[in-house]
Amino acid sequence: QVQLVESGGGLVQAGGSLGLSCAASGTFFSVHAMGWFRQAPGKQRELVAAITEAANTDYADSVKGRFTISRDNAKNTVYLQLNSLEPEDTAVYYCNADVILYYGLRSRTYWGQGTQVTVSS
């Protein structure tokens, strides 16, 4: 079993900052790409940022220059630093990871339980 456990999030005023983290635990061979998605009420889940094992990153246009994704491969943990937050960033943030359970198998995507980020104006 693979679990992604998120922490961080909360309520912050516009212009403020928050940090999220997500750790993969359980029995598996390796973790490949990791990422953060978000879902606001009444909207579809969207990609916020992603990072490969080699630390290549990709960001949604709406968060470029404000959010930073990083990871610690030794800890199988991905982080998201959210700066200059705007009310439009209010959403439930989910992490995901492409995990190979055993050597030779294809990767499978796992999701965290989600953490609420609320930005007040």
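Predicted model: local features only at pLDDT ≥ 70, side-chain atom pairs only at ≥ 80, totals over all residues.
Does Phe37, by its relative accessibility, count as buried or exposed, and what is the value?

1. Phe37 counts as buried, since its relative accessibility is 19% and the limit for a buried residue is under 20%.

2. Two aromatic pairs are present in the structure. In one of them, the ring centres of Phe29 and Tyr103 are 5.4 Å apart. The planes of these two rings stand at 65 degrees, so the pair is edge-to-face; the cut-off for that class is over 60 degrees.

3. Tyr103 is exposed, its relative accessible area being 70%.

4. Phe37 and Trp111 also form an edge-to-face aromatic pair, with 5.0 Å from centre to centre and 65 degrees between the planes. This pair likewise links distant parts of the chain: Phe37 lies in strand 4 and Trp111 in strand 10, 74 residues apart.

5. The two members of this pair may be set side by side in terms of accessibility. Phe37 is buried at 19%, whereas Trp111 is partly exposed, with a relative accessible area of 38%.

6. Trp111 has a further neighbour to consider. Arg45 lies over the face of Trp111, at 4.8 Å from the ring centre. Arg45 also lies over the face of Tyr94, where the distance from the ring centre is 3.8 Å.

Note on methods:
Residues numbered from 1 in each chain as written. Heavy atoms only, no water. Phe/Tyr/Trp six-rings, centres within 6.5 Å; stacked < 30°, edge-to-face > 60°. Buried < 20%, exposed > 50% of the residue type's maximum accessible area, 1.4 Å probe, protein only. Helix = DSSP H or I, 4+ residues; strand = E, 2+ residues; numbered from the N terminus. Lys NZ or Arg CZ within 6 Å of the ring centre and 35° of its normal.
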